[in-house]
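Please keep the sequence and the 3D view open while reading.

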Amino acid sequence: MRRVVVDYPLVICALLLSVYGVAMVYSAGQTDVPTVATHAWTAQIRWVILSIGLAYGVSRASVRFFEWSALPIYIVTCLLLLGLLKFGGGAGDAASSKSWLVIAGHRLGQPAELAKVAVILMLARELGARREAPRSLLELWKPAVVVGIPWILIMLQPDLGSGMVFIGIFFAMLFWSGVPLPLLILIASPAVSLVLAFNTSLWGAWFLALLALVLWYRPYMWEGVTLMLANVFMGVLAPILWERLAPYQRHRLQVFLDPSIDPRNSGWHVIQSQVAIGSGGWIGKGFLNGTQKRLAFLPEQHTDFIFAVVGEELGLLGVTIALSLFLFLVLRAVRTASNANDSFGSLVAFGLAASWLVHVSVNVGMTLNLMPITGIPLPFFSYGGSFMLACWLSIGIMMRISSEGRGGRVGELAI
Amino acid sequence: MSFHPNEIARRARIASWALVGIFVLLISAFFKTQVVNYAKYSQQSETNRLREVPLPAPRGIIYDRNNQVIAENVPGYTVSILASSSDSLRAALTRLSAIIPLPAEQIDLAVRRYLRARNRPTAILSDASFDVVSVLEERRIDFPGLIIQSAPKRYYPDGAAVASFVGYVGEVTESELTMPRYQGYKTGQQVGKNGLEREYESRLRGREGVRFVEVDALGRVVREAGARDEVPAQAADPLYTNIDLPLQRFTAQIFGDSLQGGAIAIDPKTGGVLALYSAPSYNPNSFIGGIPPELWKSLNSDPRRPLFNKVTQGRYPPGSTWKLATAAIALERGLVTLDDHMPTPCTGGYQFGNRYFRCWDPKGHGSLTLAGAIEKSCDVYFYQLGLKIGLSSLVGGGIKLGARDKTGIDLPDESRPTFPYADAVNYYNRKYGPRGWSQAVLLNLSIGQGENSQTVVNMARFYTALATDGSAAKPEIVKDKPQRAQILQLAPDQLAGLRAALAGVITHGTAGSAAIQGVVLAGKTGTAQNAQDPLHHHAWFVGFAPAGDPKIVVAVMLEFGGHGTRAARIASKIIESYLKVAPTTFINTEG
């Protein structure tokens, strides 16, 4: 057994983020109005300690073990997700969704968090086993199925936010495995069509641009035709899909496009979040002193909108520090991916980096209305046990890949 | 996957730059929100959490000429509620109605108020008693948006005695808020509704202060003080009036409950209004904090019209009190002297054309001088004097005396007297048609009947000119620079003669009962016919004392009061009270 050489910058960065996060969860509980978040910070500290223990344990396992366990974890996760559709429970304003694993009335956690890691491992196994990166659509059917099964199960809950993370992971890992960018764009094109279908002229422009790309990139004839047809189909399908969305999801999307259509309810969240952040200024109103948070103007201030508390109380300074830590963490993960000594580890590291990036950018973007409200948590900050465990689980895996990699000063000392 | 180190490095570079790009984008979005738009969001956050609770300013105190208080402020409480929606307001009020009486209409009213100004506390009780306040203070925890604010409350110690000129205050109405006059006013504020309170609103108002309470997202008050520095209210400067409060009280007292009419006492030298009373009066204190609807209804439907100011708004034919105007116009034009007789002596009436015009005394007065005719109020003499003056001169002279003008007294809604305009022929042609009238109108005009209705205050103003050098003083309640207008071009001896004739009225003329021992009172009674009730004449008296050097002009008018001597008796008492001369028993000569 080889000694684990700890990637200190990575671990210290994750520790700093966790401490910062716990401090913000504490602040989120300090309000003038009774809130469920009052004692959340003590639980969060327990979760962080437990999570660090988990990360340490995971880091003791070898990358080979991760590769070997990818399939069983993946299967168990998919079964869990399937079970959720029957037995799952909701929470918050998405009470009608079924994202929580509930046993005997106790909410045990959100399997979607585990599913993200499971999909990364499984996808890495699938893509890493190839000698060449997929160059056509047909070759992509396997990775698509790997992501597709849990994705569909999660979208059925429905949990739009986690669904977005899956898509991000899928594209990032395809990119990392060497799939050419034009092909990625072509794959993504039907989804873009789906969004643009609501504006005919925009959709038309997109379609022409896509046609030009197809002619330039010259995929197989049948692929090009299929893609163009898929785009047309999506354009037609969009309104029908729109009708199929759960009312709260449809509403969230509409409010994202214009929060002022509903300033008292759904738009309220994002408007108050922007007010909180904007009123923070350069250095904020001071730790614990955010009035928007204190007086309950800020919704979900200890979970989805915790970054608004950072913006309000610590200002642009606090925001920049937090975002810099995240940037460092993700860059470090990319570095780990580059230095990994096998393709599986490299792909896992990059997939985890992508997962963090999507979480951070979507959650933070949501507080400024740059992204729709999807209920996606902020790593290391948002209050929640299973998410904290998942974050540190990723760190543990990352630590191991890093220590086995070339830049990781691999120690040969056995313990 | 293609795992060649060069390719990996290339992808890592792309990924890293994309990452940096995304984070720069995010940070610049935060920069835009937190630095560029800081002011906007900062203000929005303050608006979110702070609610302004107005601190009403004490209105200016109103004093009489001897610094006795006419209107002051006493401690009071207002109860209001901060609500986040009309539904939550309604719910809170429904719960509140279990503790304090709160009729359904009042709840509806409060909800309407709330919808007009959502961010201001909605007034529930504008004058809460101490008992109600203490009950509410105990239950405060149950009503998170409740705000109990001490607020100065208007109080008029003399109540109904001073209402005629001081008016009252009340909450500014929705329609008033749309007027330019009330620009800058906010729902729930008190404004002067009548009298001096309204006329001097801008001076009496003071400056409202504001304190800030902190509320949470549901509009519940979280912090009562210290959220932001409060702006204290500024009291208005006091208002000093010419009113003589004891005289005002006395005037109100002698009118009592039964008499209906008005009286004004003016210092002829300055125009300062010493007393002004319209009977019946009302208690202005009952308006404070919202007048009960039943009381408001009864005040408005009372046939004696307590809210109608009979001194400044009522218009009545001046009757014989106008004869001094006719006399002055004739004297001014040199048509007669005080010693001149008219061609036809009074035999109880005067034949003009095919009509016979009666004198008030069917026994007749015989041949009189002008002074004698004033003393006896002989109609026949004045018929002939009017004919001598001629229609256009009589009308023109009357206009010069101010018969068509408001006095400019500092009270709101003064009525303009009615009197023919300068082109009298045209006036009558338009009124009755070219063939519908004759010179007979002249006879009526010259004895103060016909197309002539004067306010009590305007008659008093005219008599200030008689009492002085022929210049009329603008009646002023609030102390100000006196303003005079020369309306009579008469020699001092002519004015003295008129005053002597008026004094004669008191000593042996029609107002004999009004004589005051030791002080010579000069004045003229009037018994004016009115169209509303031909059987009950309006009783007038306008006069001044002492006749030699007048210090007070009094005009009294009793609606349907019968003969002018009744008014004269009241005027005489008012003057007595003012000049502090021992009362005397009235010699009740002829009626």
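Domain bounds come from an automatic or database domain assignment. With that in mind, the model shown here, which is a predicted one, can be described through the two domains of chain B and through the contact of chain A with chain B.

**Domains of chain B**

- The assignment for chain B gives domain 1, covering 51-240, and domain 2, made up of 275-289 + 308-579.
- Taken over C-alpha atoms, the centres of domain 1 and domain 2 of chain B are separated by 47 Å.

**Where the two domains of chain B meet**

- In chain B, 24 residues of domain 1 are in contact with 19 residues of domain 2.
- On the domain 1 side of this contact, the elements of chain B that give two or more residues are β4 (122-128), β5 (146-155), α6 (160-166), β6 (169-171), α8 (195-199) and β10 (239-240), and the largest share, 5 residues, comes from α6(B).
- Sorted by class, that side of domain 1 of chain B has 12 nonpolar, 7 polar and 5 charged residues.

**Where chain A meets chain B**

- Between the chains, 44 residues of chain A are in contact with 35 residues of chain B.
- On the chain A side, two or more residues each come from α4 (111-128), α6 (160-177), α11 (266-278), α12 (291-294), α13 (306-339) and α14 (343-367) of chain A, with α13(A) giving the largest share, 11 residues.
- The residues on this side of chain A divide into 24 nonpolar, 17 polar and 3 charged.

Technical notes: Residues numbered from 1 in each chain as written. Chains lettered and ligands numbered in written order. Predicted model: local features only at pLDDT ≥ 70, side-chain atom pairs only at ≥ 80, totals over all residues. Contact = placed C-beta atoms within 7 Å. Helix = DSSP H or I, 4+ residues; strand = E, 2+ residues; numbered from the N terminus. Nonpolar A, V, L, I, M, F, W, Y, C, P; charged D, E, K, R; others polar.
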